[in-house]
Amino acid sequence: MIQKENSEGNLCQNNQLLQITLTMHRVIIPSEDFSTYLDALEKKSSGLCVKICYFVRYWITEFWIMFKMDSSLINTMEEFQNLVRANGEELHCRLIDTTQINSRDWSRKLTQRIKPNTSKKRKVSLLFDHLEPEELSDHLTYLEFKSFRRISFSDYQNYIVNSCVKENPTMERSIALCNGISQWVQLMVLSRPTPQLRAEVFIKFIHVAQKLHQLQNFNTLMAVIGGLCHSSISRLKETSSYVPHEVNKVFNEMTELLSSYRNYDNYRRAYNECTNFKIPILGVHLKDLISLYEAMPNYLEDQKINVHKLQSLYNHINELIQLQELAPPLEANKDLVHLLTLSLDLYYTEDEIYELSYAREPRSHRAAPLTPSKPPVVADWASGIAPKPDPKTISKHVQRMVDSVFKNYDHDQDGYISQEEFEKIAASFPFSFCVMDKDRCVSENLIFTSVSACELRNR
């Protein structure tokens, strides 16, 4: 590519190939490789040195957002600048100046948000029993899309290079949301004291899953069905006896749709048939990226870069990025968003969830002990990632939730709500306000919400 520049640094080749190479460079080429420039210096090839610097300038100018999102890339360019300066090439040094990057306005692209509906036309209840499945699926989709669209091109590249989400906060947050929804579904079922009431919640979530399927939100659909498939729920034989046959039939169809059988063949077929807005099962597509990266060599036999590999990875990532431009066909109520956000941010261990499951339906003496097991539909990539919001973030969520509750239930605006109303709200979103056992907290994460619940009662 460098050889196809003219003396003024204008590039004379396929722009798409250049875009792919400069965008995907770190997947194959280490940024700190300065050997081409050093070889040209050693051979006193000043023309090639200038072309290299013009090429770098083009990279900085046209792909500045990649530098903004990858501080190590800026550090590498500064090292290159120091190397060039040390060799007395001040003109070259000015060509590769990175200070212009800091003046670029990148915040608009990275902080795109969909705003919840603030009009009074669509008032929703904050009581779980009163919420329609469509309302729940809409708001879960709102939260899912908000998280999905924050994942950048660089985040996908980082995942490919590192094969994990470590030090990749936007992707980690997306995974934590998926796991949080799955746990919330389990807890909502287990919060009900009788088998019949638990079955009603189970049935409601099946209807939520159907709406999520209609919205083409496969990632949240995976989380909801994964929660219902979890053995802490599937072991509840008394509860399942109250679930109608037709509901179980839908449940089995959804489980089959999301099954990992034949590399998620059913899901892939359904996903590819979808048009317009859709949210993929992120873990499946990340697995595809890793498989593609490992299956193809970085270089061909003649030591040329494997452009086909770069292009394949680029196209796969770009398809995911383009999905971020299609907003979901729904409106969200900000009060319900606040309440759901807090509920989904609470984390419980497998042991804590099983403790409640066994409390609801004790283990039969004749049955073999049941050990915690992963839901059959949840991809391995999502395991072990839990929401870890800092106390400041938790406090913000709590305050917003409390404000929403009072706005909707303090009808005479005297700063109080009745004990009866509080108990209804607490029962609707268990463990956001209260604990499973009156004498103790099940998790340290409940401290903030338990304290806030007391404040809310006495406000």
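Tyr 264 lies in helix 16, where helices are DSSP runs of H or I with at least four residues, numbered from the N terminus. In this predicted model, local features need pLDDT of at least 70 and side-chain atom pairs count only at pLDDT 80 or more, whereas totals for chains, interfaces and linings use all residues. Residues are numbered from 1 along each chain as its sequence is written, and side-chain values use heavy atoms, with hydrogens and water left out.

Although Tyr 264 is not a glycine, its phi is positive, at about 60 degrees, and with a relative accessible area of 7% Tyr 264 is buried. Here buried means under 20% relative accessible area, exposed over 50% and partly exposed in between, for a 1.4 Å probe and protein chains only. Arg 262, also placed in helix 16 (residues 261–273), has a positive phi near 55 degrees, but Arg 262 is exposed, with a relative accessible area of 61%.

Phe 205, leaving aside its neighbours within four places in sequence, is in contact with Phe 128, Trp 184, Val 185, Met 188, Val 224 and Leu 228, where contact means heavy atoms within 4.5 Å. Ile 206, found in helix 11 (residues 195–214), counts as buried at 1% relative accessibility. Not counting residues up to four places away in sequence, Ile 206 touches Leu 228, Val 247, Val 250 and Phe 251, while its C-alpha atom is separated by 9.8 Å from that of Leu 221, 15 residues apart along the chain.

Helix 10 also packs against another helix. Its axis and that of helix 19 (residues 334–345) come within 8 Å and cross at roughly 90 degrees, the axes being lines fitted to C-alpha atoms over the stretch in contact, with angles from 0 to 180 degrees between N-to-C directions. That makes helix 10 roughly perpendicular to helix 19, a class that covers 65 to 115 degrees. Arg 173, Leu 177, Gly 180, Ile 181 and Trp 184 of helix 10 make the contact with Leu 340, Ser 343, Leu 344 and Asp 345 of helix 19.

Conventions:
Helix = DSSP H or I, 4+ residues; strand = E, 2+ residues; numbered from the N terminus. Parallel < 35°, antiparallel > 145°, perpendicular 65-115°, else oblique.
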